[in-house]
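Below is a short briefing on one predicted model, arranged by topic. Please keep the sequence and the structure at hand while reading.

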Amino acid sequence: SQADDPLRPQYHMMPPKNWLNDPNGPVYYNGYYHMFFQHNPNAAVWGDMHWGHCYSEDMVHWIHLPVAIAPDQPYDKNGIFTGSTTLVDGIPVIIYTGITETNEQVQCQARPANLSDPTLTSWIKSPLNPIITHPNGRDPATAFEDDYNNYYLIYGFGTDELGGQAVLFTSKDFSNWTYLHPIHSNHYDNFWECPDIFNVSNRIVLKASLRGQDFWAIGDFDPTNLIFVPVGNDLGEYTQLIDQGKFYASKSFYDPLNDQQVIMGWTAEDDNQGEQRGWQGLHTLPRAIFLSDDGLQLRTRPIEALQSLRNEKTHRHFQNVILPTVIPFVLVPDVSGNQIEIIINWQFSMNQNLDFGMSVLSTSDGSQQTNIGIITQRNTSVMMNWDLAGWDYFSVPNIHQWSDCQPVCDQDTKCQAWTFVTDRQINNNCFLKSGIPLLNSNAACVSGVKQKGLDQQPVWIYIDRTLSQTNPAAAHSPLHGTIWMEPSSSLLNGQWFLGLNIFIDHSIIEVFEPKGGRVAITARVYPEKENAKYLGVYVHEASTDENKIIINTLDIWTLNTIWT
Ligand code: DQQ
């Protein structure tokens with residue numbers, strides 16, 4: 001049974017069994033949140049796409065409903081693909097991609113059969129379907145309106161020649177749509193999946209899924225030319241990932257109860273046992289979107305309502321724990337669990353090389369564990385590239401190995417971004433070894449790279465899965481993101497302060513930096529050992545007696561299941 005499956009998450013949205021992928025059509029209507037999803041109701045593999053459906057009062061606890069849209073028409077027989085919901089005169093209207101009998105991608109509409117049914121269980125396809133047949137793209141976003149009652153709709157498209165695009169359509173009546181032009185486009189990939197466009201703090205955010213990850217760009221909508229104009233870096237640059245880990249095909253919607261844009265992504269399995277387990281894929285925890293103070297960075301943190309999952313009887317609190325200068329692993333006393341939330345506030349000095357963190361899903365002897373840690377760099381050993389140009393190192397392919405130092409870059413097309421590495425790796429001649437010059441003369445190569453501010457200090461947050469599992473087919477590569485620590489908000493008496501919020505749900509880990517919303521990292525792990533439920537702390541790279549690593553506060557809760 002489900003409860004006997006130790007790897008099955010208990011507080012993430014997923015169907016009772018079989019396959020799930022992209023989030024589809026989230027909407028708040030008449031007292032309930034609705035969530036749909038790409039779903040194969042008959043097998044735990046991708047295929048035979050339907051829209052599964054759940055509803056919820058709080059976006060945390062979900063109730064399963066029957067399949068909302070099934071492939072039963074000539075225009076969608078080969079699949080109900082991704083789409084979105086728009087409130088049209090207050091009524092939820094779905095636009096989804098249908099895969100036709102001849103495998104064309106067309107856009108189709110469906111409306112609730114009975115608006116007074118709060119569950120919105122049945123949906124009726126429009127007699128006008130398909131409402132859009134060209135160009136042959138997919139994944140329509142929630143439509144938006146201008147001041148003159150014109151609706152605008154985008155969906156994903158692209159070719160090798162054109163690059164990835166979000167194509168724009170307009171309509172007066174929401175049924176008859178006219179193609180305009182791409183709202184935005186570039187060559188970071190040859191197709192954009194699941195584009196999304198929305199308002200946050202008087203700016204427009206464009207999101208798309210490409211190269212296996214979800215990217216954002218902040219900009220404005222030019223009302224004359226009807227195009228999206230990025231104000232900073234463009235969509236597809238690695239400084240602008242919504243999540244550094246396993247997070248794809250995300251979808252956002254406006255939550256009127258909390259006046260915020262909320263986003264959730266699809267997290268697939270990351271091993272080869274999913275079909276055998278009988279279920280594959282889940283949605284990440286919902287995250288609230290906000291912008292940095294300068295309005296140029298997209299930030300996320302878990303929605304507040306998730307706090308209702310905490311079982312207060314299990315709450316454990318520790319404070320002012322001074323860590324020894326080096327410890328391989330020390331158990332946190334009297335706590336265990338693989339369905340927990342952790343809030344940890346660290347204090348450390350930046351002027352040294354540090355590598356420390358928490359182990360979760362650990363056996364009591366630490367032989368199986370997943371490490372969620374922080375790496376800082378000593379001033380004297382800043383990376384060469386800082387001396388040269390002050391570029392950010394926003395992505396390091398592999399923190400604990402030397403072999404992987406490659407630029408994130410196509411050989412013959414435009415270079416995306418460079419992965420800059422630490423002094424340790426430079427000492428190991430990584431760049432020379434791989435035969436790549438430190439900075440490419442092609443100016444395109446450095447676009448999207450962040451410059452280090454005068455007294456900013458970068459730290460890396462990572463998830464290290466080296467010891468998480470033994471199955472060689474399970475992903476083991478570390479995941480990581482950079483946080484730029486600002487003295488104004490994070491420095492006090494020479495000490496830096498950084499808080500992390502960590503969610504563990506059996507086989508999924510989500511790590512956030514909730515204060516600034518600057519990092520989100522989602523990872524799958526599949527511990528085989530039954531007692532891999534303990535928590536520990538470690539210091540791998542030494543602090544010194546003067547420069548201690550301190551846990552200011554550590555709070556841990558068991559979280560309840562979301563299913564009743
Ligand atoms: N998944 C859907 C497509 C979409 C892709 C099909 C992204 O509509 O482009 O299941 O994961």
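How many residues surround the ligand, and which are the closest? The ligand is surrounded by 13 residues, and Gln38, Phe81, Thr82, Glu193 and Ala249 are the closest; a residue is near a molecule or strand if its C-beta atom, placed from the backbone, lies within 6 Å of it. This is a predicted model, in which local features need pLDDT of at least 70 and side-chain atom pairs count only at pLDDT 80 or more, while totals for chains, interfaces and linings use all residues. Residues are numbered from 1 along each chain as its sequence is written.

**Ligand shell**

- Strands E1 (18-29), E5 (80-88), E13 (193-200) and E17 (248-255) each supply at least two residues of the shell around the ligand; helices (H or I, at least four residues) and strands (E, at least two) are DSSP runs, numbered from the N terminus.
- By class, the shell around the ligand has 5 nonpolar, 4 polar and 4 charged residues. Ala, Val, Leu, Ile, Met, Phe, Trp, Tyr, Cys and Pro count as nonpolar, Asp, Glu, Lys and Arg as charged, and the others, Gly among them, as polar.

**Domains**

- The protein chain is divided into domain 1 (18-302) and domain 2 (307-559), with bounds that come from an automatic or database domain assignment.
- In contact across the two domains are 28 residues of domain 1 and 37 residues of domain 2, where contact requires C-beta atoms, placed from the backbone, within 7 Å.
- On the side of domain 1 that touches domain 2, strand E21 (287-291) and strand E22 (298-302) are the elements that give two or more residues. E22 gives the most to that side, with 4 residues.
- The side of domain 1 that touches domain 2 divides into 9 nonpolar, 9 polar and 10 charged residues.

**Sheets and strand pairs**

- Five strands form an open sheet in the order E4-E3-E2-E1-E19, with mixed pairing; two strands pair if DSSP finds at least two bridges between them.
- Strand E4 (62-69) and strand E19 (279-280) are at the edges and have a single partner strand each, so one side of each is left without a neighbour in the sheet.
- E1 and E19 are paired in the parallel sense over 2 bridges, and Trp19 stands opposite Gln280 in E19.
- Strand E23 (residues 310-322) runs antiparallel to strand E37 (residues 550-559), and 8 bridges join the two. Asn311 stands opposite Thr558 in E37.
- E23 is hardly covered: the count of buried residues among its 13 residues is 0. A residue is buried if 20 or more other C-beta atoms lie within 10 Å of its own, exposed if 12 or fewer, and partly exposed in between, with C-beta atoms placed from the backbone.

**Backbone geometry**

- The peptide bond from Asn129 to Pro130 is cis, with omega near -10 degrees; Pro130 lies in the loop between strand E8 (123-125) and strand E9 (144-145).
- His134 and Pro135 are also joined by a cis peptide bond, with omega about -10 degrees, and Pro135 is placed in the loop between E8 and E9.
- Asn149 is not a glycine, yet has a positive phi of about 60 degrees. Asn149 is in the loop between E9 and strand E10 (151-159) and counts as exposed because it has 8 C-beta neighbours inside 10 Å.
- Leu361, likewise a residue other than glycine, has a positive phi near 45 degrees. Leu361 lies in strand E26 (residues 354-362) and counts as buried, with 27 C-beta neighbours inside 10 Å.
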